Amino acid sequence: MTDPIVATDLVKVYSGKVRAVDGVSFSVHEGEMFGFLGPNGAGKTTTVQMLTGNLRLTGGSASVADLDVVRRSHDVKQRIGLVFQESTADPDLTGRENLELAAALFGVPLRTTRSTIDSLLERMQIGDAADRLVKTYSGGMRRRLELAVGIIHSPRVLFLDEPTLGLDPQGRAGFWRYVLELRKDRGMTVFVTTHYLDEADTYCDRIAIIDHGKVVATGTPSELKDRLGGDVVTVRLSNGGGAAVETVLQGLPGVASVTKFEDAYRVKVPKGEELIPRLVEACDRSGIRLAGVSLKRPSLDEVFLEFTGREYREDEGMTATDRAVRIGQVQQAFGRARR
Amino acid sequence: MIRELAALTRRELLRLARNPQAIITSLLLPILYLILFGQAFNIGAFFAGQPGGQTALLLALRGAPTYFSYFSAGMTGFVAVTATLFIGANVIFDRLFGILKRTAASPATPTAIFGSRLIAGMVQPVGLAFLVIGLAVLLGHLGLSGLKVTAPFSLLGTAEVVLAVVIISAMFASLFLAIGFSIEQPQSYFAAVNAINLPVLLTSAALYPWGTMPAWFRDVASYNPVTLAVNVLRENLFQGASAYYPYGPGIYLLGLLAWALVMFVVATLLAGRALAPRD
Ligand SMILES: Nc1ncnc2c1ncn2[C@@H]1O[C@H](COP(=O)(O)OP(=O)(O)OP(=O)(O)O)[C@@H](O)[C@H]1O
Ligand SMILES: [Mg+2]
């Protein structure tokens, strides 16, 4: 059997101008929790929408659950679950009615519909609110309902587009617990986008980092961190610096590399805490005035910086997150007007 | 397919039931027309007492006994338009709320998605049309001007009236759904709807006495779907009215059906396009 998700040179150009996804290739193995990590506007939602048969491809190809997403988009939709970045539950229906509708649309057998819905409601802890209109739900309840809707037909592959956006840390942890449980029970393959580095690090088996529509690195979180070659000591100077500084830093024992980044130097070294005293001493001797020294264990922040040459950033302009927030505001306004 | 259609229709009906404002506002207009306009606008008064007045009145109203009778039959065609207006707007709000996107991302076929909205969208205009007929008859019994059904009851006639109401509702429901599926902004939707709504009503024979229209106007009005529906009603409600119409109700029903089919096809195409993978 081929991998449940295979993307080959995916390209998406919106309105002939915006190159949102620019030649993305990756594959996700059976049963894997695959994280798609990138800042706002990186092209995560665009990729998800192409893989789920909802958005036309400008170029490339993809297969999901053994089906070509372009030619078999209808059947792809049947085999997958999708939780959108924005809330899409019907506010005028109750939680249960939302699930009943989804069960009918995704062809959950009539015999098991009721028990499936009951057990999902209980598992997602919305049983008490099951017969309340969704417009009275809190953000966390809505997210859990969306997840329930997404998995009602036990899909082989589940796509989650920033599922924890707008949740507090507790809500986020809770949501991930449900997803992990589900994956364990059903052996689902999960493709999840996030711009929270810590989430990708903690919960994903493998991640791809996407930036400006391109995948810049793929691997397990520890592989990616290992590629950094240890800790990173960042040195800030009070007086510019110069070529001499780099020579001094390079000369310290164990230093793997020194790169200048804005007005600071990033020094890679296996054991950062041992380097710092010597570094301070050496700079003192060479008359280099330090403004600050900091030590970072390898984290995905560092990985991102390493592969893109930039700090983990949030792009400007109207991103999908902004749109989600905007839509939320509109919905709230309508909700208020309706009540 | 049947299950999808049923589930989606249920959703539309639940939502309709939970937002009664839409029903109440669409009730208001025909009621005001019946108890104010219909009562005050009494064409019969001009003909009364004049030699040959009654004949002239019958000619002007194509066999309807009173202007109110003539006009209240017209109102049933009128409400098919006004009570379907909002269903295209619902499509736009559903798009704004992400609900349309979610439905399009499910395996539901565009036919089921469109069909459910069409079916649910017809409930209100059809109900309202018969309410208007009932209310118009009732007003006559309360000492006001009312609808006088002078034709004897016939099964075929009743069936034709019901069909006319159903088909005209389906036609306008399709039209407004077509607009709703192809426009993104609520403001543009209401602008488009207003641009269609009034001209359609004002070029129909729903309100004007046929006999007072200039010949060119009649030519235009003859093809108007509202006129076609209203003709079916008037021929069946008023004794002897058929003498004033060149064709029987069956022909008008066919014409109406042709309109409805065209709208239906256009609307399904536009809905299919709106629900296909986005660009
Ligand atoms: N319909 C559209 N038309 C034009 N440009 C678009 C459209 N949708 C997205 N874009 C642009 O494509 C780029 C990628 O957007 P996308 O929504 O895929 O990013 P994302 O990684 O999901 O971001 P976020 O974290 O904000 O959700 C952005 O520059 C965005 O502005
Ligand atoms: Mg996104």
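This is a predicted model: local features need pLDDT of at least 70, side-chain atom pairs count only at pLDDT 80 or more; totals for chains, interfaces and linings use all residues.
**Aromatic pairs in chain B**

A pair of aromatic rings is described by the distance of the centres and the angle of the planes. Over all chains, the count of aromatic pairs comes to 22. One of them joins B:F37 and B:F71, whose ring centres are 5.4 Å apart; the planes meet at 50°, so the pair is tilted. Because B:F37 belongs to helix α2 (residues 20–40) of chain B and B:F71 to helix α5 (residues 67–82) of chain B, the pair ties together parts that are 34 residues apart in sequence. As to accessibility, B:F37 is partly exposed, with a relative accessible area of 29%, whereas B:F71 is buried at 0%.

B:F71 also forms an aromatic pair with B:Y67, and this pair is stacked, with 5.8 Å from centre to centre and 20° between the planes.

**Charges over rings**

| Charged residue | Ring | Distance from ring centre |
|---|---|---|
| B:R62 | B:Y245 | 4.0 Å |
| B:R234 | B:Y70 | 3.4 Å |

**Backbone angles**

Most residues other than glycine have a negative phi, and most peptide bonds are trans. B:R62, although not a glycine, has a positive phi of about 50°. Its place is in the loop between α4 (53–60) and α5 of chain B. B:R62 is buried, with a relative accessible area of 6%.

In chain A, A:A65 likewise has a positive phi of about 50° without being a glycine. A:A65 is found in the loop between β4 (59–64) and β5 (67–68) of chain A, and it is buried, with a relative accessible area of 0%.

A glycine with a positive phi, near 75°, is A:G309, which follows α11(A). Within that helix, α11 (residues 300–308) of chain A, the residues A:L300, A:E302, A:V303, A:F304, A:L305 and A:T308 are buried.

**The magnesium site in chain A**

Which atoms coordinate the magnesium ion (ligand 2)? They are OG1 of A:T45 and OE1 of A:Q85, at 1.8 to 2.1 Å. A:T45 lies in helix α1 (residues 44–51) of chain A, while A:Q85 is in the loop between β6 (80–83) and α3 (95–105) of chain A, so the pair ties together parts that are 40 residues apart in sequence. A:Q85 is buried, with a relative accessible area of 4%.

**A contact between the chains**

B:S106 is placed in the loop between α7 (99–104) and α8 (110–141) of chain B. With residues up to four places away in sequence not counted, B:S106 touches A:K77, A:L105 and A:F106. Its relative accessibility is 1%, so B:S106 counts as buried.

Terms used: Residues are numbered from 1 along each chain as its sequence is written. Chains are lettered from A and ligands numbered from 1 in the order in which they are written. Side-chain values use heavy atoms; hydrogens and water are left out. Rings of Phe, Tyr and Trp (its six-membered ring) pair if their centres lie within 6.5 Å; planes under 30 degrees apart count as stacked, over 60 as edge-to-face and the rest as tilted. Helices (H or I, at least four residues) and strands (E, at least two) are DSSP runs, numbered from the N terminus. Buried means under 20% relative accessible area, exposed over 50%, partly exposed in between (1.4 Å probe, protein chains only). A charge sits over a ring if NZ of Lys or CZ of Arg is within 6 Å of the ring centre and within 35 degrees of the ring normal. Contact means heavy atoms within 4.5 Å. Donors are N, O and S atoms within 2.8 Å of the metal (3.2 Å for Na, K and Ca); water is not among the atoms, so sites may look incomplete.
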